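I opened my notebook to look up a few things in one structure.

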Amino acid sequence: MTDGYEIRTDLAEMDLDLVHEWLSTDAYWALGRSREKIATAAAHSLNFAALTTDGRQVAYARVLTDHANFAWLCDVYVARGHRGQGLARRLVDAVLAAVEPMGLSRVVLATRDAHAVYARAGFTPLAEPGTFMERRT
């Protein structure tokens with residue numbers, strides 16, 4: 001642990017009620033997401049949390065991956081009172097360190113307003129955005 005925060009990856013140590021509150025009320029990409037969907041997504045993902053020395057969770061991120069080729073970094077959230085201290089960058093670094101041994105050919109993410117955070121970790125705009133498609137429901 002450095003600077004009063006520790007990154008953890010054990011979902012059992014994470015407060016999903018708090019994660020639900022953060023994402024469903026304060027994260028533009030997940031507004032209104034149900035507690036059930038938060039829990040299901042977490043159960044099927046790699047999870048990362050930043051905790052204070054007294055065990056309070058102050059940040060969260062998760063990764064969807066096939067453990068061989070691809071990963072999607074998502075739901076990166078830092079509590080308002082803990083922003084500006086490099087926690088998002090520490091979470092991203094922890095994610096990248098965790099998936100590096102998998103030998104993935106691609107790690108992607110989507111952001112509206114944190115490009116600089118991710119660029120420092122080596123993320124760039126899609127090389128061929130025209131090849132990606134989506135289906136929304």
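**Helix packing.** I began with helix α1 (residues 16-26) and helix α2 (residues 35-43), which pack at an angle of about 115° with their axes 9 Å apart. The model is predicted: local features need pLDDT of at least 70, side-chain atom pairs count only at pLDDT 80 or more, and totals for chains, interfaces and linings use all residues. Residues are numbered from 1 along each chain as its sequence is written, and side-chain values use heavy atoms, without hydrogens and water.

I noted my terms. Helices (H or I, at least four residues) and strands (E, at least two) are DSSP runs, numbered from the N terminus. Axes are lines fitted to C-alpha atoms, for helices over the stretch in contact, and angles run from 0 to 180 degrees between N-to-C directions.

Which residues make the contact (heavy atoms within 4.5 Å)? From α1 I listed Leu16, Asp17, Val19, His20 and Leu23, and from α2 Arg35, Ile38, Ala39 and Ala42.

**Arginine 62.** I found arginine 62 in strand β3 (residues 57-65). Is arginine 62 buried or exposed? Arginine 62 counts as buried, because its relative accessibility is 7%. The cut-offs are under 20% relative accessible area for buried, over 50% for exposed, and partly exposed in between (1.4 Å probe, protein chains only).

Next I checked polar contacts. These are pairs of N or O atoms within 3.5 Å; within protein, one must be able to donate a hydrogen and the other to accept it, and residues adjacent in sequence count only if both atoms are side-chain atoms. The side chain of arginine 62 makes one with the side chain of serine 45, at 2.9 Å. Another, of 2.7 Å, joins the side chains of arginine 62 and aspartate 75.

**Salt bridges.** A salt bridge is a side-chain nitrogen of Lys or Arg within 4 Å of a carboxyl oxygen of Asp or Glu. I got a count of 11 salt bridges.

I looked at aspartate 17 and arginine 35, whose closest N and O atoms are 2.7 Å apart. Aspartate 17 lies in helix α1 and arginine 35 in helix α2, so this pair ties together parts 18 residues apart in sequence.

Then I took aspartate 26 and arginine 80, a salt bridge with the closest N and O atoms 2.7 Å apart. This pair links distant parts of the chain, 54 residues apart: aspartate 26 is in helix α1, and arginine 80 is in the loop between β4 (70-78) and α3 (87-99). Aspartate 26 is partly exposed at 25% relative accessibility, whereas arginine 80 is exposed at 56%.

Last, I noted that Glu6, Arg8 and Glu13 are linked in a network of salt bridges.

Technical notes. Contact means heavy atoms within 4.5 Å.
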